[in-house]
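Q: Hi! Could you walk me through this one in plain words?
A: Happy to, let's have it on screen.

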Amino acid sequence: MVASSDNAFVSFEHVQKSYDGETLVVKDLNLQLAKGEFLTMLGPSGSGKTTCLMMLAGFETATHGEIRLDGQPINQVPPHKRGIGMVFQNYALFPHMTVGENLAFPLEVRGMGKSERETKVKRALDMVQMGAFANRRPAQLSGGQQQRIALARALVFDPKLVLMDEPLGALDKQLREHMQFEIKHLHESLGITVVYVTHDQGEALTMSDRVAVFNDGRIQQLAPPAELYERPDNSFVAGFIGENNKLPGVIEELNGDRAVVCLENGERIHATAVNVRAKGEKTLVSIRPERVEFKPELIPEGSHTIDAEVLEVIYMGDILRTRMKVAGHDEFVLKCRNTIDQVPLSPGQRIRIGWNPLDARALDMI
Amino acid sequence: MSDVASQLTTADGRPLKAALATAQARAKRRAFFLVLPLLAFIVITFAVPIGQMLQRSVYNDGFSQTVPALTQWFEANPKGTVPDEAAYAALASDLNLMKETRMAGDAGTRINYVVSGMRSLFTKSARKAADLEPPYMAALLDIDEDWQDPRVWNAMRTASSPWTLDFYTIAFDRERDADGKLVKVDENQRIYFKLYIKTFVVAAVITAICLLLAFPVAHLLATLPMAKANLLMILVLLPFWTSLLVRTTSWIVLLQGQGVINSILVALGIIGDDGRIQMIYNQTGTIIAMVHILLPFMVLPLYSVMRVIPPSYTRAARSLGATSWTTFRRIYLPQTIPGIGAGVLLVFILAVGYYITPALVGGADGQLFSNMVQFHMTKANWSMAAALATMLLVGVLVLYWLYDRLIGIDKLKLG
């Protein structure tokens, strides 16, 4: 699935973008997409992800570097000749046209005959289960329905590449989750390549083959969702994706990727070294709340355990979220499943907690 | 459904509808008192004067109030009756009355509107009215032969009632011949209706030029960054803040034969000194000056509509494969229709009724219909001025109705 620069379907090579000639919004972007891949650009607002998408669509020009589509450089190709389907954040359905006319528009400008147009429009509408709405105006549809139409319009002219710019941002939670699956299924059944931009990490993890985490104009990590979540490369990714416990400390021993970290209160813990290089370096140890254990039988033999004081237990239905004071920090969180045989914790209780050293990742200090 | 609703009652058994009405009555009364000052203002300063104007165009008692005897004779004898001795006797007695009340001039003026040159007939005859002896027919014909002209008698018959359509007849360049039939006036006297049509044509030309000039500017305003857009907006609004007279005078300075533009063209050798172009005191001057004055009325509604069209629409169209021209024609332009409609309607209605600019820079052939209204007002021919003004009003209302049918008034967006 992962593409190399030779056989890539879409590739960014040393792409830089500046709007004012003083600051770079995108700094040396290198990215390759394989055909049929679903890649998500994830990042906070202002991280450069939307700019990358706009450069790919042709609405912004790269200040430096080359963008290739199917082997051809497209820097100089105007947007209407790129043949890229795009779904916009606010759907951008033409308000003065019916749903059917909206879908026929890309076929019409390609000079397609009327009967062929009608067949294609009908097929695209059926694909998103909106076959009965061809004669409605966009304003008469709900947000979710408009979303489906926008999707159908971006797909109706059979583009090989489809770009989506936060397409589900305006929908409520339930509908958003439902649409995530529908988009994913369409991607699988049609075999199209999708570049998807979002700031919602849940969306990125659910849908993508690979996720590119953007911050400060750079890709911080490009990896499949599971790797991104379980093995973040740096503190930004660890903090941006999912909930995370961070314990600052100093590297005391470093042996390959195994490290012992001395926390601020003098306690020692085992961790996996990720991007720390030398003894004495400051580090931030990151541990996922669901990987923290407090039952002795679940903690691997020989690993360090550490004192914790329970401060608060929040009942969240499927899980119990326990906030604890660990090594002087009172924002340490432990999540355990709400099962029948779960040992209940109560505020004020003192316990020992531990974890598999593989789950504690010693990252750079930010 | 309504049956069910009428049976619904409140908790204490009152019908729901009655309870709702009393509950809302207070709020409605209060709302009415809030709008009352404006309502009164509009009624006093707008509705009443317009009503009076409409009435004056069909009501003129300049003749009817001075001819009680003739009125009786006209009532007794049907239309087409050749005036007999009794008729001339009535005329003589009324002329006497005119002399006493010094109303001969007014009465003559009223007949003069319909049959020209008749004012002196009345003043002359009234002066000699005291000396008239029976048979009156011969005596009056002795004063002037015109007294047997059937057109004069027809005119007197219609003018003997204060309610009349004479002024509209004149405004449509028609007159009544000796048989009382409506015919067109001589070719060289057809001024009003021709000018009416011309006014609408000139207004349409001005509107079209305004639209062509304003559309790109409004688009630029809507797409520029805020700081630059504000600066440009000030330039657009500058004409608004300058006195109309100052603006018109500066156009005279620029456009006249010895003006700036002509001098530059001569200096550049594009035209000879004897070939200076006449750009003012004619229709060209009217059009140039009025386009300048009315341009903001086109820019502002267009701008307000364009500003809220998200750029994602054009982007979407481009990504779907449309060229920039197709995108403009199929996606952008249709969405600006409310602004175009509002601007066109506004500029056209203002242009149709414009008076001061054509009066100052229009010269002889640049005059518009309003200048004719003004002309009759200075001549104190209120009925004629009212009839012409009513024609303008009706013309505009017809266009408004057409606009509503074609585009829909609910689509109008003024900003």
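This is a predicted model: local features need pLDDT of at least 70, side-chain atom pairs count only at pLDDT 80 or more; totals for chains, interfaces and linings use all residues.

Q: Which helix does Val202(B) lie in?
A: Val202(B) belongs to helix H10 of chain B, which covers residues 192-223.

Q: And what does Val202(B) touch, not counting residues up to four places away in sequence?
A: Val202(B) touches Gln283(B), Thr286(B), Ile287(B) and Leu368(B), with those close sequence positions left out. Take Ile287(B): along the chain, 85 residues separate it from Val202(B), but their C-alpha atoms are 7.4 Å apart.

Q: Nice. What does the domain assignment give for chain B?
A: Domain 1 is 2-56, domain 2 is 64-189 and domain 3 is 192-411. The C-alpha centres of domain 1 and domain 3 of chain B are 40 Å apart.

Q: Switching to chain A, how many helices and strands are there?
A: Chain A has eight helices and 19 strands. Its C-alpha atoms fill a box of roughly 75 × 50 × 35 Å along the principal axes.

Q: What percentage of chain A counts as buried?
A: For chain A, with its 366 residues, the figure is 40%. As for contacts in chain A with a separation of 6 or more, 64% are between residues 24 or more positions apart.

Q: Which domains does chain A have?
A: The assignment gives domain 1 (10-235) and domain 2 (243-363). Their centres, taken over C-alpha atoms, are separated by 39 Å.

Q: How many residues of those two domains of chain A are in contact?
A: Four residues of domain 1 contact six residues of domain 2 in chain A. On the domain 1 side, they divide into one nonpolar, two polar and one charged.

Q: I'm curious about strand S7 of chain A. Why is it largely enclosed?
A: Strand S7 (residues 161-165) of chain A has five of its five residues buried, so the rest of the structure largely encloses it. Both faces of S7(A) are covered: one side has Leu161(A), Leu163(A) and Asp165(A), while the other has Val162(A) and Met164(A).

Q: Which strands pair with S7(A)?
A: Strand S6 (residues 84-87) of chain A runs parallel to S7(A), joined by four bridges. In that pairing, Ile84(A) is opposite Leu161(A). S7(A) also pairs in the parallel sense with strand S8 (residues 193-198) of chain A, over five bridges. There, Leu161(A) is opposite Thr193(A).

Q: How does the chain get from S7(A) to S8(A)?
A: The chain crosses through helix H5 (residues 173-190) of chain A, in a right-handed β-α-β crossover.

Q: What about the open sheet of four strands in chain A, what's the order?
A: The order is S2-S1-S4-S5 in chain A, with antiparallel pairing. Strand S2 (26-33) and strand S5 (72-73) of chain A are the edge strands, each pairing on one side only. Two bridges link strand S4 (residues 64-69) of chain A to S5(A) in the antiparallel sense, and Leu69(A) is opposite Gln72(A).

Q: New topic: how many residues are in the largest nonpolar core?
A: The largest nonpolar core has 102 residues, and Ala152(A), Leu163(A) and Ala362(A) have the most contacts inside it. Helix H4 (residues 143-155) of chain A supplies the largest share of this core, six residues. Apart from that core lies another, of 81 residues, including Leu140(B) and Ile280(B).

Q: What is Ala362(A) in contact with?
A: Leaving aside neighbours within four places in sequence, Ala362(A) is in contact with residues including Ile251(A), Ala259(A), Val261(A) and Val285(A).

Q: Last one: how many residues do chain A and chain B put into their contact?
A: Chain B puts in 15 residues and chain A 17 residues. On the chain B side, helix H15 (311-319) and helix H16 (324-352) are the elements that give two or more residues. H15(B) gives the most, with six residues. The residues on that side of chain B divide into seven nonpolar, six polar and two charged.

Notes:
Residues are numbered from 1 along each chain as its sequence is written. Chains are lettered from A and ligands numbered from 1 in the order in which they are written. Two residues are in contact if their C-beta atoms, placed from the backbone, lie within 7 Å. Ala, Val, Leu, Ile, Met, Phe, Trp, Tyr, Cys and Pro count as nonpolar, Asp, Glu, Lys and Arg as charged, and the others, Gly among them, as polar. Domain bounds come from an automatic or database domain assignment. A residue is buried if 20 or more other C-beta atoms lie within 10 Å of its own, exposed if 12 or fewer, and partly exposed in between; C-beta atoms are placed from the backbone. Two strands pair if DSSP finds at least two bridges between them. A crossover is right-handed if, with the strands pointing away from the viewer, the path from the first strand over the helix to the second runs clockwise. A nonpolar core is a set of buried Ala, Val, Leu, Ile, Met, Phe, Trp, Tyr and Cys residues joined through C-beta atoms within 7 Å.
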